[in-house]
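Subject: Structure handover and what was found in it

Dear colleague,

I am passing on the structure we spoke about, and I would be grateful if you could read the notes below with the coordinates open beside them.

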Amino acid sequence: MDTMSVQQLKEDITFVRQAVDQKDKQQYTSVALAVLWAAIVGTGYTLLDFNLPAAMWFWGIAPVLGFLVSFRIGWKAELEAGVENSCPGWVHATHWGSMFVIAVAIMSIAYTSGLQGPVIGQLMSLVSGIVCFLAGLHLDRRFRLPGIALVLGSAAVGFLGAFPWTTLGVITAVSLIISAIWMRPRDVEANS
Amino acid sequence: MSKQTPESRSNNLAQLDKLLEHRSRLGVCVLLADSERIAFSSLKNLVKETDGNMGAHLRKLEDAGYVNVDKRFEKRKPVSWYQLTGKGRTALKAHLDALQALIEGLGG
């Protein structure tokens, strides 16, 4: 060690930094989650236009199942990649799990204040969009575009033609797929 | 930045962990510090070592108590998962602090 030079030290540190950067780049990039939620969103919103009772049942069950399946997909993807990070997994689960609490709160407000019809759907879409966009800011940038689509779409429901919910659902589903295919989960430089 | 005295440099050198002087072992500990667990094959690819060398490095770290190994079967194949221990985390921090002091003293 007495003969260790500054150059050797710098090379070793550069080596370690490159290994860390490489690990950061090996992030979950599968489209499985995007396809799952694109299917849920697309189906659920379409039902709002064509079969409202079925839509109520769908939105009561599908998000719960989707959440559980997403958790498993994410966990299996980590195993495939050879890296386990329990902390980010629980952060994601808590973030998205909060949607269930929010949904109950919105339904409670709607029931006690007499809100009906499309307004409830718009509120749910608006809040979902905000939660999604915030996830895009703090967790995985691939959620930003779908979040924006939901927020803007929730306000524009009255202007989306004969089948507004189907249109919003399709736009959101497409944004999920596009983000999953063409965007990286996060900017490595921004997080270093 | 002022250069350090020979005494302080000698002190900083003495603070360096002998086990972590090898870049691959240092790299393994740094990678494990940032994750819950990492599989053998991922560690090997990230620090660009062969199976044999990687195994030898990890055995040394395990013998020193710096890492734990959890051997599982996944899809009927044995997979070894490595985790940094508290002792390893402490040793890594001390080593990195000593490295930083050494580099600052060298004016690099």
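How many helices and strands does chain A have? Before the answer, please keep in mind that this is a predicted model, and that everything below is computed from it. Chain A has 8 helices and 1 strand, and the order of these elements, read from the N terminus, is α-α-α-β-α-α-α-α-α. Chain A holds 192 residues, of which 34% count as buried. If one takes the contacts in chain A with a separation of 6 or more, 66% of them are accounted for by residues 24 or more positions apart.

The crossing of helix 6 past helix 7 in chain A is right-handed. As for the residues that meet there, helix 6 of chain A contributes L145(A), P146(A), A149(A), L150(A), G153(A) and S154(A), while helix 7 of chain A contributes L168(A), I171(A), T172(A), S175(A), L176(A), I178(A) and S179(A).

One further residue of chain A is M56(A), which has its place in helix 3 (residues 52-81) of that chain. M56(A) counts as partly exposed, because its relative accessibility is 48%. From M56(A) to G44(A) the separation is 12 residues in sequence, and the C-alpha to C-alpha distance is 8.7 Å.

Turning to chain B, there are 5 helices and 3 strands, arranged from the N terminus as α-α-β-α-α-β-β-α. The C-alpha trace of chain B spans about 60 × 25 × 20 Å along its principal axes. Chain B has 108 residues, with buried residues making up 44% of them; of the contacts in chain B with a separation of 6 or more, 57% come from residues 24 or more positions apart.

Is helix 2 of chain B largely enclosed or largely open? Of its 11 residues, 9 are buried, so helix 2 of chain B is largely enclosed by the rest of the structure. The buried residues in helix 2 of chain B are S24(B), R25(B), L26(B), G27(B), V28(B), C29(B), V30(B), L31(B) and L32(B). Helix 2 (residues 23-33) of chain B packs against helix 4 (residues 51-63) of chain B at an angle of about 65°, and their axes are 10 Å apart. Helix 2 and helix 4 of chain B are therefore roughly perpendicular to each other, and helix 2 of chain B passes helix 4 of chain B in a right-handed crossing. In this pair, S24(B), R25(B), V28(B) and C29(B) of helix 2 meet M54(B), H57(B), L58(B), K60(B) and L61(B) of helix 4.

Helix 5 (residues 86-106) of chain B has 21 residues, and from its first C-alpha to its last it reaches 30 Å, close to the 30 Å expected at 1.5 Å a residue. Its buried residues are G88(B), A91(B), L92(B), H95(B), A98(B), L99(B), L102(B), I103(B) and G105(B). Seen down the axis of helix 5 of chain B, these buried residues fall within an arc of 160°, so they line one face of the helix.

Finally, two lysines in loops of chain B may be worth a look in your viewer. K48(B), in the loop between helix 3 (40-46) and helix 4 of chain B, has a phi near 55°, a positive value in a residue other than glycine, and K48(B) counts as exposed at 64% relative accessibility. K75(B), in the loop between strand 2 (67-74) and strand 3 (77-84) of chain B, also has a positive phi, of about 55°, although it is not a glycine; K75(B) is exposed, with a relative accessible area of 68%.

With best regards

Methods:
Residues are numbered from 1 along each chain as its sequence is written. Chains are lettered from A and ligands numbered from 1 in the order in which they are written. This is a predicted model: local features need pLDDT of at least 70, side-chain atom pairs count only at pLDDT 80 or more; totals for chains, interfaces and linings use all residues. Side-chain values use heavy atoms; hydrogens and water are left out. Helices (H or I, at least four residues) and strands (E, at least two) are DSSP runs, numbered from the N terminus. The expected span of a helix is 1.5 Å times one less than its number of residues. Buried means under 20% relative accessible area, exposed over 50%, partly exposed in between (1.4 Å probe, protein chains only). The arc is that of the directions from the helix axis to the C-beta atoms. A crossing is left-handed if the near helix is turned anticlockwise from the far one by less than a right angle, and right-handed if clockwise. Contact means heavy atoms within 4.5 Å. Axes are lines fitted to C-alpha atoms, for helices over the stretch in contact, and angles run from 0 to 180 degrees between N-to-C directions. Angles under 35 degrees count as roughly parallel, over 145 as roughly antiparallel, 65 to 115 as roughly perpendicular and the rest as oblique.
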